[in-house]
Amino acid sequence: MPCRVVALLLAVAAVASAKTVDVPVEYYRLPNGLKVVISEAHTAPTVTVAVYYGIGFRVEPKGQTGFAHLFEHMMFQGSANVKKMEHAKIVEANGGVLNGSTRLDFTNYYETLPSDRVEKALFLEADRMRSLEVSEENLKNQQNVVSEEVRNNVLNQPYALFEWLDLWVNANQNWFNAHNFYGDLHDIEAAKIGDVRQFFKTYYAPNNAVLTIVGDVEPKAVKPMVQKYFTDIPLQSVPERPDINEPQQSEEKRVKQSDKLANLPALAFGYHLPDQESADYPAVVLLNLIVQGDDSSRLYQRLVKEKEISLDWGGGINFELGNEFDYDGPMLLTSRTTYKAGHTGDEILKEVDAVARDVQEHGVTAKELRDAKVRFRSNFYDQLESTFGKANLLAALALFHDDPSRINRIVSAYEVVTAEQIQSAAKKYLLPTNRTAIDRVPEKK
Amino acid sequence: MLIAAFLAAAIHWPTITEKKLENGLTVVLVPLPNVPKVTAQLTFLAGRGTGYREHPGMAQLAGRVLTEGTTSRTSKQLKEELRSIGGSMNVTVDDDATTITANALSEFSPKLLALLDDVAEHPAYPKSEVDLAKTNFAQEIEEQRSQPDFVANEQFEKAMFGRHPYGFVVPEPSAIAGITREGLKQFAASHYAPNNAHLIVVGDLQPEAMLEEVHKALGAWKRGTAPPLESPPLPRREKRQIYFVDRPGSVQSTIVMGAAAPPRKSPDYIPLRTANMILGGSFYSRLMLNIRENKGYTYSPFSVADLRRRAGTFWTSASVRNEVTGPTILEMLYELDRMRVLPVTKEELDSAKTYSIGTLALEMESQAGFANRINTIYTYQLPRNFLVTFDEKVNALKPDDIQKSAATYFDTYRGAIVIVGDYTKVKDQIAPFGDVTLIKR
């Protein structure tokens, strides 16, 4: 078959000219269990210092929805040597930026600043890992701030983030995967100072964390600083993670919601995915790119361009919360679309099933497979561009797999995926019985 | 001392190579090899308000359909070719310009430039794509108008700029039907010309080799005759006016308040940018300390020195629960006036200087982010040495310069306050601050 030979030669040529990225990784552990990752990068005169704690909103205490996120705010309220808001003051006075966020399986705190200021960031992160100091007054203040955050990002917005907040609640059965991650206002307002202190003691221990330093620094210069600030923080006994496994779904789930603030209908749906470590996972990642990775993808072309039902199409793995690698537990492959008045979510799902059936029956083309690998590599490099992006991936790989050097083996693991594996993944996972869909329509005005 | 004053070492910026092609295209090349990719931005000086009185939405639609087919490629072919190089291409149309931003793996940069040229030089405006884009654009406007931030910003622009092109944000959906394929093609032919454009390429590149590639891809594109940018006089506001956009059922009031500011190229930009960092342009800012960390009224109050090519605004914003709408406006006005009446402390100013300089250097962490920064030099007519002289200009500022800047540009007595919220629930809290115009949708 001559055309196959041509395709093969082209593929070889493309691989031969492909530039690879090699991320330097130094990885070790302090005696108190703190994992430390250092990675040099000298393109910009900047550094990111990030601490990732192995506690996300997925496993926050039952009955206290939103607590992990409320707690994240408390980490900016002061520690033994740094008063409330002084953390931000110091970072900014040194020319840097800072933030924190709560995700499914970790809570992170980071600052990116000129690289000659790396020691300031290490001092600040160590001080709050060692000695959080919170008061009733500061807790009340942050309960108000977080309640406003929930109003601002959820309650006062059309669609109210239904594509993850509501989808996870409806798609899952295990409470840990199926509760309101942002939190009910009632629960947020009920939190007590004792809960905050206990949560800190339980989860914010060096042996439940990764410190990552990425940027324009020499490892041999920063190691003594890490030693100086972190080594005598005492370890704690961190509880076992609860069972977060999700029972297999056996029937399709359909939910209808009405929206007081939206003007147009929207649909979100998700399929349960195999474990990240399973042999199917790389195939699923590439399958996602082929069906909804860009404007050339099968779902975008079908729903937005051919059928003219959808206005937009978005989606992915760990959608709106992270990427394919920075989580640890059950996961959904999500799609979200805003569609035109006069159509229905049912119509869209019928088209989605037709697209899935086509892949299940006929597989994907050689060109689609080749392009998906290029697309994967290009997207992966986007994650490595900034010192923070790199720190995020290194921290997740250290936290969840104890192996940050995986960062250099990911691209090659995806180069070997075959069309057959993708077809078989479509047969296993893109099934209505494995899917939950929420159709959200404007309330009649 | 934990708080350090200035950055120790001068920032080492990448070398910027600029060249004008014979067809008038300004080409700017910046090596930033953090990953093996490149980002290209091709910018035309055609803002969203271009010709809006006759054809509102024309500039936006013309930009939007650029990537939906050329004389030799269908939309789908174009998107598949982009996919094969790990690339993407998006068009944005803002107040001053239409920009095509494209990126790809650097090993495929010749192909990326060829696609960019094809889209810019030979857009086809296929009838089916124009029809679909018109329908979808109208629906998207309906969707945008359900978002409180969008509504507040749209109203603020109208209030500040009136009939100046900057006062136009989106057309009424019903007006889009009147735009024709012929009109779009004409718009493209006159505005998307190389001598009305600049091309910025940032990333994993060698300037000489890249210039060669650019020349090959875009060198044969013919000059055009773009009409000059329209810049009618700006409306002058004599007193404060409140615009209340009613959004029944809203659980928060979204507040935007501000006043007129100069164009970006004005020497007032750097003092104003620095004043902004102290007021609400950073995490440890006065607004954040007061209305978030002290009072707990809001999640993320902020302020922006929003300076563009022909004019600007200075504005500050917060979304707050209904019951504290009045108290929040009171505090925002207080913080604005405080900076106009009293000097900032030396500590605040030193911190703002370091923050301002340090965060400019952080923009080198991203090819797209740095391309945006370089683009401001060309779109806003800034001096070519903007980056290398920035720290010197910032470090020369005194508390008095900040106070003068605030006194001039934080003037809410001749500004506008926009509130998007539930009118019946909060109207009594608004009344003390000025005359209210109620807008119902």
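**Notes on a predicted two-chain model**

1. Let's begin at the end of a helix.

2. Now the helix itself. Helix 5 of chain B runs over residues 148-161, and its 14 residues reach 20 Å from the first C-alpha to the last, close to the 20 Å expected at 1.5 Å a residue. It is mostly covered, with 11 of the 14 residues buried. Among the buried ones are Phe150(B), Val151(B), Phe156(B), Met160(B) and Phe161(B), but also Glu154(B) and Glu157(B). What do the buried residues of helix 5 of chain B pack against? Their partners in chain B are helix 4, strand 7 (241-246), strand 8, strand 10, strand 11 (416-421) and strand 12 (436-439).

3. Have a closer look at Glu157(B). Its side chain meets that of Arg48(B) in a salt bridge, at 3.9 Å from N to O. This pair links distant parts of the chain: Glu157(B) sits in helix 5 of chain B, while Arg48(B) is in the loop between strand 3 (37-44) and helix 1 (58-65), 109 residues apart. Are the two buried or exposed? Glu157(B) has a relative accessibility of 7%, so it counts as buried. Arg48(B) is buried as well, because its relative accessible area is 14%, and the cut-off for buried is under 20%.

4. Chain B has another pair to compare. Arg414(B) forms a salt bridge with Asp411(B), and their closest N and O atoms are 2.9 Å apart. Arg414(B) counts as partly exposed at 37% relative accessibility, whereas Asp411(B), at 9%, counts as buried.

5. Over to chain A for salt bridges there. The structure holds 68 of them over all chains. One joins the side chains of Arg435(A) and Asp353(A), at 2.9 Å from N to O. Arg435(A) lies in strand 11 (residues 435-442) and Asp353(A) in helix 13 of chain A, so this pair ties together parts that are 82 residues apart in sequence. Arg435(A) and Asp353(A) are both buried. As a general point, side chains of opposite charge can pair when their charged atoms come close.

6. Helix 13 of chain A (residues 345-362) also holds Glu347(A). At 30% relative accessibility, Glu347(A) counts as partly exposed. Its side chain reaches the backbone nitrogen of Thr344(A) at 3.0 Å. Beyond its neighbours within four places in sequence, Glu347(A) is in contact with Ile309(A) and Gly342(A).

7. Next, two backbone details worth checking on screen. Most residues other than glycine have a negative phi. Leu161(A) is not a glycine, yet it has a positive phi of about 55°. It is in the loop between helix 5 and helix 6 (165-171) of chain A, and at 22% relative accessibility it counts as partly exposed. Glu320(A) also has a positive phi, near 70°. This residue lies in the loop between strand 9 (314-317) and strand 10 (332-338) of chain A, and it counts as partly exposed at 42%.

8. Helix 5 of chain A (residues 136-155) is the place of Asn138(A). At 12% relative accessibility, Asn138(A) counts as buried. Leaving aside neighbours within four places in sequence, it is in contact with Met74(A), Gln77(A) and Lys84(A).

9. Finally, how do the chains meet? On the chain B side 76 residues are in contact with 75 residues of chain A. The two chains bury about 6300 Å² between them, 55% of it on carbon and sulfur atoms. Across this interface there are 10 salt bridges. Glu68(B), for instance, forms a salt bridge with Lys305(A), with the closest N and O atoms 2.9 Å apart. The residues on the side of chain B that touches chain A divide into 31 nonpolar, 25 polar and 20 charged.

10. One last helix: helix 11 of chain B. Its 17 residues should span 24 Å at 1.5 Å a residue, and its end C-alpha atoms are 24 Å apart, which agrees. Helix 11 of chain B is mostly covered, with 14 of its 17 residues buried.

Terms used:
Residues numbered from 1 in each chain as written. Chains lettered and ligands numbered in written order. Predicted model: local features only at pLDDT ≥ 70, side-chain atom pairs only at ≥ 80, totals over all residues. Heavy atoms only, no water. Contact = heavy atoms within 4.5 Å. Buried area = accessible area lost by both parts, 1.4 Å probe. Salt bridge = Lys/Arg side-chain N within 4 Å of Asp/Glu carboxyl O. Nonpolar A, V, L, I, M, F, W, Y, C, P; charged D, E, K, R; others polar. Helix = DSSP H or I, 4+ residues; strand = E, 2+ residues; numbered from the N terminus. Expected span 1.5 Å × (residues − 1). Buried < 20%, exposed > 50% of the residue type's maximum accessible area, 1.4 Å probe, protein only. Polar contact = N/O pair within 3.5 Å; in protein donor to acceptor, adjacent residues only side chain to side chain.
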